[in-house]
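Me: I would like to learn how to read salt bridges in a model. Please take me through the one shown here.

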Amino acid sequence: MSSIFRNVALVGKPDAPRIAETLSGLYRYLVGRGLCVWVERGCAHFVADFSPETCTVSEVGQRCDLAIVVGGDGTLLSAARVLVKFNIPLIGINLGRLGFLVDISPSDACAKLDEILEGRYSADERFLLRAKIWRGDRVIHEQTAVNEVVVHSWNAASMIEIETSINGVFLNSQRSDGLIVSTPTGSTAYALSAGGPILHPTLKAIVLAPINPHTLTNRPIVVADESVVEIAFRPGKQFKVQVVCDNVSIPGVELEDRIEIRREPEAFRILHPLDYDFFEILRAKLNWSSGYRS
């Protein structure tokens with residue numbers, strides 16, 4: 001029962017279904033393996049009977065060498081943005097719906113964790129994007145995103161006019177509801193609903209997908225991951241724009257502002273069981289090949 005990880009954190013989504021029984025079961029299992037287990041403070045009351053050591057998500061990075069995230073993809077996104085600078089790997093236990101990132105079911109959790117804790121796992125390295133809002137010669141706001149940076153109109157009845165450049169070279173101008181700039185991780189999220197391609201998580205690429213463009217020939221484009229994407233605006237009648245990085249909103253963007261999006265230097269790792277199959281997840285989550293049997 002030896003483990004290559006000694007200090008393990010449990011990070012959960014407090015309002016997820018079955019969160020109490022799942023966290024309690026995982027805590028009991030991990031302690032039974034002789035590990036030092038920390039529970040994120042917002043979820044500690046679910047395992048209060050065990051009197052666990054508690055910490056914030058930021059403190060997880062300072063005290064632990066592995067974080068187990070219990071909830072949905074959004075829970076893992078939030079944890080990854082905080083923990084990426086600490087270079088500790090993440091494991092996802094799925095209490096949500098789609099679960100492209102949190103791929104282990106609660107019923108299989110202990111068996112799968114046995115493999116991973118003993119060093120039998122595969123690892124994906126995922127990069128993030130960093131968005132900076134420039135106003136003149138200064139950055140007024142910046143934020144990271146695991147899935148995507150979305151620039152969109154706040155007014156559902158009014159399009160915005162966007163000019164996009166790649167590495168300082170003009171790409172195009174468009175009238176649309178907005179633009180999604182996505183990582184490969186995010187290619188199965190919002191960008192997919194905008195008609196963007198699905199990228200394998202290990203690809204070094206960025207997707208630009210327009211949202212409801214006025215010109216139907218304005219299609220998604222894939223560029224290299226080291227590209228610098230810059231977005232500027234043209235005057236419009238009712239200019240009101242919001243920038244969203246995953247689930248973090250940046251309001252108050254002005255007409256003269258420009259948005260710079262580039263790859264974040266640090267990446268994070270997700271650990272999977274050895275039988276993890278990205279294509280199987282696509283088939284299951286997107287209901288592909290449902291009329292066929294092997």
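Reply: A salt bridge is a side-chain nitrogen of Lys or Arg within 4 Å of a carboxyl oxygen of Asp or Glu. Side chains of opposite charge can pair when their charged atoms come close. In this structure, Glu118 and Arg120 form such a pair, with the closest N and O atoms 2.9 Å apart.

Me: What should I know about the model and its values?

Reply: The model is predicted: local features need pLDDT of at least 70 and side-chain atom pairs pLDDT 80 or more, while totals for chains, interfaces and linings use all residues. Residues are numbered from 1 along each chain as its sequence is written, and side-chain values use heavy atoms, leaving out hydrogens and water.

Me: How many salt bridges does the structure hold?

Reply: The structure holds 16. Among them, Asp275 and Lys112 meet at 2.7 Å, N to O. Asp275 sits in the loop between strand S17 (258-272) and helix H6 (278-285), and Lys112 in helix H4 (residues 109-117), so this pair ties together parts 163 residues apart in sequence. Helices (H or I, at least four residues) and strands (E, at least two) are DSSP runs, numbered from the N terminus.

Me: Is Lys112 buried or exposed?

Reply: Buried means under 20% relative accessible area, exposed over 50%, and partly exposed in between (1.4 Å probe, protein chains only). Lys112 has 16% relative accessibility, so Lys112 counts as buried. Glu118, at 37%, is partly exposed, and Arg120 is partly exposed at 40%.

Me: Which residues are linked in a network of salt bridges?

Reply: Arg33, Asp114, Glu118 and Arg120 are linked in this way.
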